[in-house]
Amino acid sequence: MLRQVRAFAMTVGVLAALGVVAGLTWSWVAPRAPYLPTDRGLILADPTTQALIAADGWFAIITGVLGLACGMVAWWRGRETGLAVVLGLAAGGVLASFVTYWVGTRFTLGAATVAAAAPGLDVVGGLDLTTQSVLVSWPFMALAVYAAIEGVLLYRRSPLRQPYGGQPYNGGIARLPE
């Protein structure tokens, strides 16, 4: 039991630490939209900008790739602890996504200057997500790759692969008696 708890805690801890690295990476590569200060607050300097969507895309790519890698490593290292690692991937993936979001929105790395799209002072907006649904990319990809690897290997060892009394399946082709 202690081994299961330790595997769960280690999985969650490692994924949360990776979330810090992912947040800094997201802050470094994601573009920021330019805003113009007005009397009513900040407005987009270029309403047709794709920077807001690109920030979501970069978040999904970074967390999705890390989710894939975490799922593979967790399967390779945590086969003995099974369910504890799977639950750790789920909880750690959710935590890592929120840590990535928090770190990425709090720290500004990369280019933070924007050429003026209109006369006046441009302000670089903070990094943010326009859709919260990308927060599930890390846990989803981690669990999907873990389940895919486990499913393929379980199928290969399954007695269901040879359903006809131990005879290999020939694809449904009828053979004439000789």
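Four helices and three strands make up the secondary structure of this protein, and the model you are looking at is a predicted one. The protein has 178 residues, and 31% of them count as buried. Take the contacts between residues at least 6 apart in sequence: 82% of these join residues at least 24 apart.

Let us start with helix α1, which covers residues 2–29. Its 28 residues reach 40 Å from the first C-alpha to the last, close to the 40 Å expected at 1.5 Å a residue. Along α1, the buried residues are A7, T11, V12, L15, A16, G19, A22, G23, W26 and S27. Some of these names are spaced in a way that is worth a moment of thought. An α-helix has 3.6 residues a turn, so residues three or four places apart point the same way. You can trace such a spacing in α1 through buried residues including L15, G19, A22 and W26. And what covers the buried residues of α1? The cover includes α2, α3 and α4.

Next comes helix α2, residues 51–77. This helix has 27 residues and spans 38 Å from first C-alpha to last, close to the 39 Å expected at 1.5 Å a residue. Its buried residues are A51, A55, D56, F59, I62, T63, G64, G67, C70, G71, A74 and W75. Among the elements that cover them are α1, α3 (83–106) and α4 (137–157).

How do two such helices sit against each other? Two packed helices are described by the angle between their axes and the distance between the axes. For α1 and α2, the axes come within 10 Å and cross at roughly 150°. The two helices are therefore roughly antiparallel to each other, and α1 passes α2 in a right-handed crossing. On the α1 side, the contact is made by L15, L18, A22, T25, W26 and V29, and on the α2 side by A55, W58, F59, I62, L66 and C70. Sorted by class, the residues of this contact are eleven nonpolar, one polar and no charged.

Helix α2 also packs against α4, at an angle of about 35° and with the axes 7 Å apart. Here too the crossing is right-handed. From α2, the residues A60, T63, G64, L66, G67, L68, C70, G71, M72, A74 and W75 take part, and they meet S137, W138, M141, A142, V145, Y146, I149, E150 and L153 of α4. This contact has 14 nonpolar, five polar and one charged residues.

I149 is found in helix α4, and at 23% relative accessibility it counts as partly exposed. Leaving aside neighbours within four places in sequence, I149 is in contact with M72 and W75. The C-alpha atoms of I149 and W76 are separated by 9.6 Å, although these residues are 73 residues apart along the chain.

Helix α4 itself has 21 residues and reaches 30 Å from its first C-alpha to its last, close to the 30 Å expected at 1.5 Å a residue. Which of its residues are buried? They are S137, W138, P139, A142, V145 and Y146. Their cover includes α1, α2 and α3.

That brings us to the pairing of α3 with α4. These helices pack at an angle of about 155°, with their axes 7 Å apart. That angle makes α3 roughly antiparallel to α4, and the crossing of the two is right-handed. V85, V86, L89, A90, G93, V94, A96, S97 and T100 of α3 make the contact with W138, P139, A142, L143 and Y146 of α4. By class, the residues here divide into eleven nonpolar, three polar and no charged.

S97 is found in helix α3. Is S97 buried or exposed? S97 is buried, with a relative accessible area of 0%. Beyond its neighbours within four places in sequence, S97 is in contact with F59, L135, W138 and P139. Of these, W138 and P139 are among the α4 residues in the contact with α3, while F59 is one of the buried residues of α2.

Methods. Residues are numbered from 1 along each chain as its sequence is written. This is a predicted model: local features need pLDDT of at least 70, side-chain atom pairs count only at pLDDT 80 or more; totals for chains, interfaces and linings use all residues. Side-chain values use heavy atoms; hydrogens and water are left out. Axes are lines fitted to C-alpha atoms, for helices over the stretch in contact, and angles run from 0 to 180 degrees between N-to-C directions. Angles under 35 degrees count as roughly parallel, over 145 as roughly antiparallel, 65 to 115 as roughly perpendicular and the rest as oblique. A crossing is left-handed if the near helix is turned anticlockwise from the far one by less than a right angle, and right-handed if clockwise. Contact means heavy atoms within 4.5 Å. Ala, Val, Leu, Ile, Met, Phe, Trp, Tyr, Cys and Pro count as nonpolar, Asp, Glu, Lys and Arg as charged, and the others, Gly among them, as polar. The expected span of a helix is 1.5 Å times one less than its number of residues. Buried means under 20% relative accessible area, exposed over 50%, partly exposed in between (1.4 Å probe, protein chains only).
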